[in-house]
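Work through the exercises below with the sequence and the model at hand. Each task is followed by a stepwise solution.

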Amino acid sequence: MRLFDFSSRSIKQKQILILMLTSSMALLLASSGFVVYELLSVKDDMVQRLSTMASYIGQGASAAFETDARDGAQKQLMSIVKEDPNIVRACIYGKNGSLLAVIPDTARDSFPKEPSPAGLFHKFTLHTLKVGKRVQPNLEDGSKQEIPIFLESNLNPIYERLSLSGGIVLAVFCFSFLASLLLASQLQRVISRPILQLLDTAKAITEKQNYSARAQKTSDDELGVLIDGFNAMLDQIQERDSALQKIQNELERRVEQRTEALKLEVADRRKAEMALRESDERFKLVARATNDAVWDWNLKTDSLWWNEGFQTLFGYRASDVEASIVSWTSRLHPEDADRVLAHRRQVIHSEDNFWSDEYRFRRANGSYAYIFDRGNVIRNDDLQPVRMLGAMVDITARKEAEKVQQQQLARISLLNQITRAISERQDLQSVMQTVLQQLERHLPVSFGAILLYESKTDLLTSAAARARDAVSGALKFLEPGTRFSPDRFGLRQCLKGQTLYVSGSAMNAPVLEQLAQAGLKSIAACPLLVEGNAFGVMVCARSNEEFSSGECEFLRMLSEQVALAAHQAQLYTQLQTAYNELRMERQSVIEQERLRALGKMASGIAHDINNALSPIVVYAEMLQRGAHPPDAVQRYLHSIRTAGEDIAHIVTRMREFYRKREADDVVFPIKLNHLTQEVIDLTRPRWRDIPQERGLVIDVETDFSAELPEILGNASELREAVTNLVLNAIDAMPDGGKIVLRTSARWWQDHSSVPKASQVWLEISDTGIGMDEETRSRCLEPFFTTKGTRGTGLGLAMVYGIAERHEAKIEIDSAVGKGTTIRMVFPVREITHTTTLIKKPDTAQPRSLRILCVDDEPLLRELLKELLELDGHKVETADGGESGINKFTEAERGERFDVVITDLGMPRVDGRQVARNIRDQSPLVPIILLTGWGNMMKADGEIPTQVDAVISKPPRVNELRDTLKRVMDKQAKQV
């Protein structure tokens with residue numbers, strides 16, 4: 001709102017303000033002129049006064065100027081300047097232009113060095129007036145030399161005069177303002193009174209509708225004429241008001257009649273509008289609620305309306321969508337546009353009102369969606385099309401599913417065809433050739449081969465191969481009977497049950513590189529499994545396009561059928577042989593069954609070893625990445641060492657599956673809380689890292705009793721048992737969940753009233769799928785499993801065996817859908833000095849020896865070399881038995897080896913053969929056998945006679961040192 005709104009003021013106030021402003025402005029201008037005149041006068045007086053003062057100073061200082069007497073000039077200057085208190089600075093210049101006299105003396109450096117200009121000059125600044133003048137003195141020598149004088153004064157006289165003038169002007173202005181206000185207040189009544197009277201009359205007429213009221217005339221001027229005109233206008237209005245009243249009465253009568261008619265019409269129209277509104281709202285709600293893109297096309301204007309479903313369905317923004325038919329036609333797929341537009345035109349211009357079609361429509365990201373579109377044509381009374389309403393449905397997923405389904409049906413048909421073809425054949429070679437021929441013809445593939453695996457030699461043998469002419473050169477690498485290591489083909493993982501697919505730069509195995517050079521660009525390999533064991537690999541390759549995921553899945557399913565058929569062919573051959581030699585081979589069959597059971601047992605042990613290997617692999621990878629704090633590195637190394645010792649213990653315990661603990665077995669005090677926490681840390685990759693990669697969450701919580709007594713037992717065995725239980729709990733929660741590990745103790749009091757623990761409980765609870773009663777009752781049986789091919793049925797059986805050796809009981813609470821709780825109850829025995837084991841001091845290192853290490857595993861070979869070289873020994877390595885024998889033979893001619901360490905299991909020439917050969921060449925050289933079955937060989941007395949000592953894998957530093965010292969001491973005694 002404006003501070004001063006002149007237009008909204010009353011006429012009285014306006015008149016007063018106009019008079020006041022006019023008089024004030026005139027007075028203000030006159031006062032301003034007076035003040036300006038006073039200012040100019042004061043300035044002229046100041047210049048004249050300072051000029052006169054400079055003349056006095058020059059005349060009085062003429063003698064001093066003549067003689068250049070500074071003291072005389074200074075006194076003369078001070079005597080005159082002190083009479084004017086407004087002087088700020090003053091100086092007299094000498095003949096040579098130097099300062100002869102200065103006031104004040106402190107300002108000497110601020111005066112100009114040159115004399116003032118000729119004549120008189122003055123200059124006003126913001127606060128001072130500067131005057132310079134050359135004065136003609138009366139000199140005795142009659143010369144006409146002028147004396148330069150400089151004066152500087154403040155402006156106090158001007159300020160005083162301005163203050164006085166301003167006070168006078170202000171007093172006059174105030175007095176004049178008040179007088180003008182009083183006079184204007186009286187004079188304005190002459191004009192404002194008649195106008196206000198006229199205003200009151202008009203207000204009375206407006207508020208009371210009394211047109212008989214009249215304004216009173218007071219003068220014959222313009223206001224009198226205005227009042228006469230106003231009264232005449234009132235007379236006319238009064239006459240017209242009477243006539244209007246009559247007309248209004250007539251109109252009211254007619255309106256009443258028309259109103260009755262309109263009420264019926266309005267009621268009918270309201271019903272129609274309500275029905276139309278409900279229909280429109282129902283249409284908008286349906287358009288908003290549906291996921292379809294609803295459209296409304298005006299055929300007359302070609303305008304097109306879309307609901308919000310169009311933006312949601314195709315990802316467009318509202319600003320991207322044109323409000324015309326172009327928003328639809330411009331996004332049709334070029335291959336579908338002509339067909340769809342022609343079909344729609346045909347429906348619109350025919351008698352049919354319904355149209356539907358399927359086509360591809362472009363999304364906002366540039367991709368195309370498969371659409372099912374349908375619409376209904378709306379026609380007018382002349383049957384001419386005016387609008388078309390419809391909706392679009394995204395059927396992309398259905399189309400893709402149909403495509404996948406068709407591909408699957410074709411592959412199933414091909415699978416059935418191949419299955420029928422191979423089911424009619426009994427020999428293995430015929431089965432393999434038939435499979436490769438069908439794949440080459442129908443899948444198709446450019447190259448195919450079936451490789452059989454021999455686990456004893458760890459070699460693959462090419463049993464059958466086919467290739468098209470374009471890649472026939474690949475056959476020379478896989479001729480029937482060709483044997484090579486799975487690592488040369490990159491099929492090691494395939495033999496473990498995985499389907500492999502490699503292409504491009506990933507084909508870096510030697511054989512794969514040779515196949516790539518022959519023109520093959522992508523290879524799929526599927527294992528041939530029988531009862532979970534791989535006996536071969538089916539390899540398929542292409543030279544042009546890559547294999548799709550569906551084709552890889554088809555090959556995997558086909559490999560199962562091929563494996564079954566091949567196995568059946570093998571069984572058929574075996575049955576024929578068995579039928580002819582049944583009586584003679586009965587013992588051999590029994591032995592085979594025994595090996596089969598041992599194979600299952602070995603797979604269970606492999607399961608436990610794989611469990612223990614998980615933290616080694618994960619923490620080693622984390623260490624390779626680097627940038628870990630020292631305490632984390634030590635924790636990782638401790639976990640790796642613990643897991644490695646557990647693996648070694650698992651291997652040594654293979655023969656102790658259900659063995660009772662012997663009386664002389666060494667046991668240790670175990671803190672169960674600490675051991676359980678170690679298991680949580682070791683299994684972290686399985687319950688946290690791996691599930692998180694699949695989007696699952698498994699929470700592990702602990703509820704440890706703070707006052708838990710120690711128990712006696714083997715920490716490695718108990719760690720393995722708890723690990724098995726945790727991993728079983730993880731497997732029981734395929735969609736994630738929670739695992740709780742809880743410890744507690746059961747206490748009792750003896751006669752001394754001192755609480756003592758009788759039992760220690762360890763519970764592992766999960767929120768998994770649970771077990772029914774039959775499964776719960778059989779879960780501890782060996783080889784019983786509910787995991788199919790993923791399980792061996794030995795995990796809980798191993799846990800049961802460990803519990804038996806620790807005199808513990810196992811309790812299982814489980815229900816389907818409610819999870820499982822497995823409880824291990826340990827007895828608490830008194831810990832004495834005989835039950836603890838004092839750590840043996842490190843074995844003293846023998847003298848520096850020259851050692852030959854023979855092993856076909858490069859990592860273990862290099863590990864042994866580094867361990868021995870750290871102790872100061874000289875080490876040479878050989879990568880196999882034959883190489884080791886040759887190096888030993890060559891060394892016998894020069895610098896001989898002091899000790900030979902050889903692996904037991906090696907291809908072609910094993911450790912026993914190496915020991916025999918070396919013993920024949922040098923009977924006194926100690927031979928140490930390195931094997932993963934060292935403890936079992938010692939217990940069973942199966943150590944070869946040529947071997948002086950046996951070390952179990954993995955080798956430990958102290959055990960290696962102790963063995964070297966022992967064999968060297970033994971050799972010294974023999975010598």
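**Exercise 1. Which residues of the largest nonpolar core touch the most other members?**

Step 1. A nonpolar core is a set of buried Ala, Val, Leu, Ile, Met, Phe, Trp, Tyr and Cys residues joined through side-chain atoms within 4.5 Å; buried means under 20% relative accessible area, exposed over 50%, partly exposed in between (1.4 Å probe, protein chains only).

Step 2. The largest such core has 35 residues, and Leu 672, Ile 739 and Phe 826 touch the most other members.

Step 3. Two or more residues each come from α17 (672-682), α19 (715-731), β20 (737-749), β21 (755-766), α21 (795-805) and β23 (819-827). Helices (H or I, at least four residues) and strands (E, at least two) are DSSP runs, numbered from the N terminus. The top contributor is α19, with eight residues.

Step 4. A second, separate core holds 29 residues, including Ala 465, Leu 491, Leu 512 and Ala 525.

The model is predicted: local features need pLDDT of at least 70, side-chain atom pairs count only at pLDDT 80 or more, and totals for chains, interfaces and linings use all residues. Residues are numbered from 1 along each chain as its sequence is written, and side-chain values use heavy atoms, with hydrogens and water left out.

**Exercise 2. List what Ile 739 touches.**

Step 1. Contact means heavy atoms within 4.5 Å.

Step 2. Not counting residues up to four places away in sequence, the partners of Ile 739 include Ile 698, Val 700, Val 726, Ile 730, Met 733 and Ile 764. Asp 699, Glu 701, Ser 765 and Asp 766 are also among them.

**Exercise 3. Give the strand order of the open five-stranded sheet, and locate α9.**

Step 1. The order is β7-β6-β10-β9-β8, with antiparallel pairing. At the edges, β7 (304-306) and β8 (354-362) each pair on one side only.

Step 2. Nine bridges link β8 to β9 (residues 368-379), and Asp 357 stands opposite Asp 373 in β9.

Step 3. Helix α9 (residues 334-348) packs on the sheet, touching β6 (293-298), β8, β9 and β10 (385-394). Its direction makes about 160° with that of β8; axes are lines fitted to C-alpha atoms, for helices over the stretch in contact, and angles run from 0 to 180 degrees between N-to-C directions.

Terms used
Pairing = 2+ DSSP bridges.
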